[in-house]
Amino acid sequence: MLEKKEILDVEKVIRDFEVITKDAENVQRETLKMILEENGCAEYLQNLGLNGRTDPESFKACVPLVTHKDLEPCIQRVADGVFSPILTGKPITTISISSGTTQGKPKFVPFNDELMETTLQIFRTSFAFRNKEFPIENGRALQFIYSSKQIKTKGGLFAGTATSNVFRNSQFRKAMKAMQSECCSPDEVIFGPDFHQSLYCHLLCGLIFHEEIRLVSSTFAYSIVLAFRTFEQVWEELCDDIREGVLTSRITFPSVRSAMAKLLKPNPELADLIEKKCSGLSNWYGLIPELFPNVKYIYGIMTGCMEPYLKKLRHYAADVPLISADYGSSEGWIGANINPSLPPESATYAVLPNIGYFEVIPLKENVEEHMQDNGNVSFLSMEPKPVDLTEVRVGEEYEVIITNFGGLYRYKLGDVVKVMGFHNSTPELKFVCRRNVMLAINIDKSTEQDLQLAVEEAAKLIAKEKLEVIDFSSNVDVSTDPGHYVIFWEISGEVSDEVLTECCNCLDRSFVDGGYVSSRKVDAIGPLELRVVRRGTFQKILDHYLGLGAALSQFKTPRCVGPANNKILQILCDNVTKNYFSTAF
Ligand code: AMP
């Protein structure tokens with residue numbers, strides 16, 4: 001009886017969600033009121049002259065749109081331990097460190113109990129919808145989750161990645177138990193000091209509990225792919241450990257070793273079974289269901305910059321469904337995936353109107369004027385005014401602005417989303433791309449999505465040879481005149497110069513932005529360059545970020561390396577083995 005009580009009442013979660021989404025406009029007003037009442041005494045809001053007003057009109061009139069850079073001095077004072085209320089009424093006790101993989105430098109953002117509660121609300125909501133379609137009875141989850149090192153700021157606040165702050169929270173454990181999604185690995189593995197060792201142990205735990213595994217997950221799809229690529233390298237060692245019941249000496253941390261010793265017993269039958277299964281696979285196709293025969297689905301963020309990993313993930317998953325996890329950021333959550341049966345490419349996120357106050361900037365209506373002046377092309381852009389969450393139009397693209405319980409007010413998140421429809425009166429968003437990840441030399445504006453599509457197209461040429469692009473990045477090289485796009489590829493094997501030249505031409509032709517195509521035609525942008533890097537280069541980039549204190553759970557390969565990200569550019573350039581210039585134009 002006691003156990004039953006702990007199980008999440010999914011019907012109630014869905015009913016609550018229906019209620020808040022039926023009148024999203026009103027819920028938004030109420031949410032803003034609560035945020036401003038709770039935090040009205042904060043210095044930031046006091047200085048803006050709100051004087052206790054909590055209505056959206058006064059809020060928008062007094063509070064400016066900001067980026068992280070604008071808030072940095074305030075957040076730094078919080079981190080330095082200034083005791084008075086700066087951004088929030090109640091003191092902030094924890095700082096989240098965002099991955100910083102898009103900007104090159106990790107950012108501090110406040111984290112508090114209210115943000116933790118919204119995290120759980122999002123998790124519960126998507127689980128409720130997911131479990132209706134893909135029920136998981138009592139079992140375990142193979143979760144490739146890793147905690148970053150927790151540091152203490154100058155003011156004595158704990159700082160870690162947002163995912164680590166969540167994993168460490170006792171509420172998270174309880175919620176995972178209630179969702180029957182408890183991680184099969186012990187805490188010592190999740191919080192282990194070295195991610196390579198933790199990854200190995202996660203795999204080992206998964207194999208030990210192989211029949212009980214109901215889902216395989218991670219925060220981002222990237223880490224699931226990385227885990228099974230690693231499995232390909234270490235599976236024999238894993239089998240040896242299981243056969244003998246002794247952990248490989250490569251795991252050196254005593255806490256991790258003793259936690260694993262409690263689980264690992266000699267099991268030659270299991271070792272034989274895994275060996276047989278692995279030897280029977282063709283190029284590791286269907287590895288996941290082969291190892292975990294009762295797995296119901298694979299779960300993690302699979303949209304946006306994670307889409308390039310879907311092909312490989314599908315290869316490992318065979319017909320096990322892939323379900324994209326929710327949409328959020330270190331700054332706060334936005335929406336839940338309530339249509340789990342949609343493939344990740346079509347996944348949408350329904351905004352929870354009570355977890356923050358959301359506005360969006362319409363992007364399509366950008367006033368763009370292309371002025372042709374004596375052959376020189378210049379470009380003017382004026383940003384239109386933000387609109388309310390419930391005023392959005394289906395089919396249009398917007399940038400998300402967050403106001404939440406964590407001390408962020410009218411904060412431009414930098415993400416582009418597209419409205420695909422409504423659930424009751426709350427919008428369902430498709431993640432499009434990061435707004436600032438952009439290749440631009442002249443009048444061109446190639447987005448992260450343009451880059452992804454171009455790479456996908458060109459990669460088909462090497463897929464014919466059963467090879468794949470393991471990972472990729474880009475940069476604009478303006479040291480040449482005219483400047484040109486550089487695309488870096490790490491490939492899974494040897495490809496002939498002839499095919500790579502074709503790939504290079506294909507990449508160049510596949511950038512569809514009008515500004516790019518017209519600039520290429522008149523040679524205002526030079527021929528695209530494809531640079532092939534050594535195997536393991538992207539692993540070096542990952543290691544570089546982990547060395548800076550990032551956690552694998554939140555890692556996203558930087559898709560466009562700007563000047564601020566010099567170290568990454570250096571790693572890429574130092575590892576180039578061949579380069580090709582396009583002759584497509
Ligand atoms: P971080 O700051 O490290 O927490 O990363 C947050 C960023 O990851 C967001 O601003 C998005 O750009 C991206 N992201 C988070 N959730 C999703 C999702 N479901 N689909 C695509 N991108 C996402």
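A residue is called buried when its relative accessible area is under 20%, exposed when over 50%, and partly exposed in between (1.4 Å probe, protein chains only). This is a predicted model: local features need pLDDT of at least 70, side-chain atom pairs count only at pLDDT 80 or more, and totals for chains, interfaces and linings use all residues. Residues are numbered from 1 along each chain as its sequence is written, and side-chain values use heavy atoms, with hydrogens and water left out. Helices (H or I, at least four residues) and strands (E, at least two) are DSSP runs, numbered from the N terminus.

**Loop residues and backbone angles**

- Most residues other than glycine have a negative phi, and most peptide bonds are trans.
- Asp 523 has a positive phi of about 60 degrees although it is not a glycine, and its place is the loop between H19 and strand S23 (529-533).
- Asp 523 counts as partly exposed because its relative accessibility is 45%.
- Ala 318, also not a glycine, has a positive phi of about 50 degrees; the loop that holds Ala 318 runs between helix H16 (310-317) and strand S8 (322-324).
- With 24% relative accessibility, Ala 318 counts as partly exposed.
- Asp 481 and Pro 482 are joined by a cis peptide bond, with omega about 0 degrees, and Pro 482 is in the loop between strand S21 (469-477) and S22.

**Helix H19**

- In H19 (residues 514-521), the buried residues are Gly 515, Tyr 516, Ser 519 and Arg 520.
- Seen down the axis, these residues fall within an arc of 125 degrees (the arc of the directions from the helix axis to the C-beta atoms), so they line one face of H19.
- Their cover includes strand S20 (446-447), strand S22 (484-491) and helix H18 (497-510).
- The N-terminal end of H19 is capped by Asp 513, with a side-chain oxygen 3.2 Å from the backbone nitrogen of Gly 515.

**Helix H2**

- Val 10, Val 13, Ile 14, Phe 17, Ile 20 and Thr 21 are buried in H2.
- The buried residues of H2 fall within an arc of 130 degrees seen down its axis, so they line one face of the helix.
- The face turned away from that buried side carries the exposed residues Arg 15, Val 19 and Lys 22.
- Among the elements that the buried residues of H2 pack against are helix H3 (24-39) and helix H7 (113-133).

**Nonpolar cores**

- A nonpolar core is a set of buried Ala, Val, Leu, Ile, Met, Phe, Trp, Tyr and Cys residues joined through side-chain atoms within 4.5 Å.
- The largest core has 158 residues, and Val 216, Phe 228, Phe 231, Phe 292 and Ile 298 have the most contacts inside it.
- Helix H12 (residues 221-244) gives the largest share of this core, 13 residues.
- A second, separate core of 30 residues includes Val 437, Val 469, Leu 530 and Cys 560.

**Glu 331**

- Glu 331 is in the loop between strand S9 (327-329) and strand S10 (332-336), and it counts as buried at 4% relative accessibility.
- Its side chain makes a polar contact with the side chain of Lys 107 (3.3 Å); such a contact is a pair of N or O atoms within 3.5 Å, where, within protein, one must be able to donate a hydrogen and the other to accept it, and residues adjacent in sequence count only if both atoms are side-chain atoms.

Technical notes: Contact means heavy atoms within 4.5 Å.
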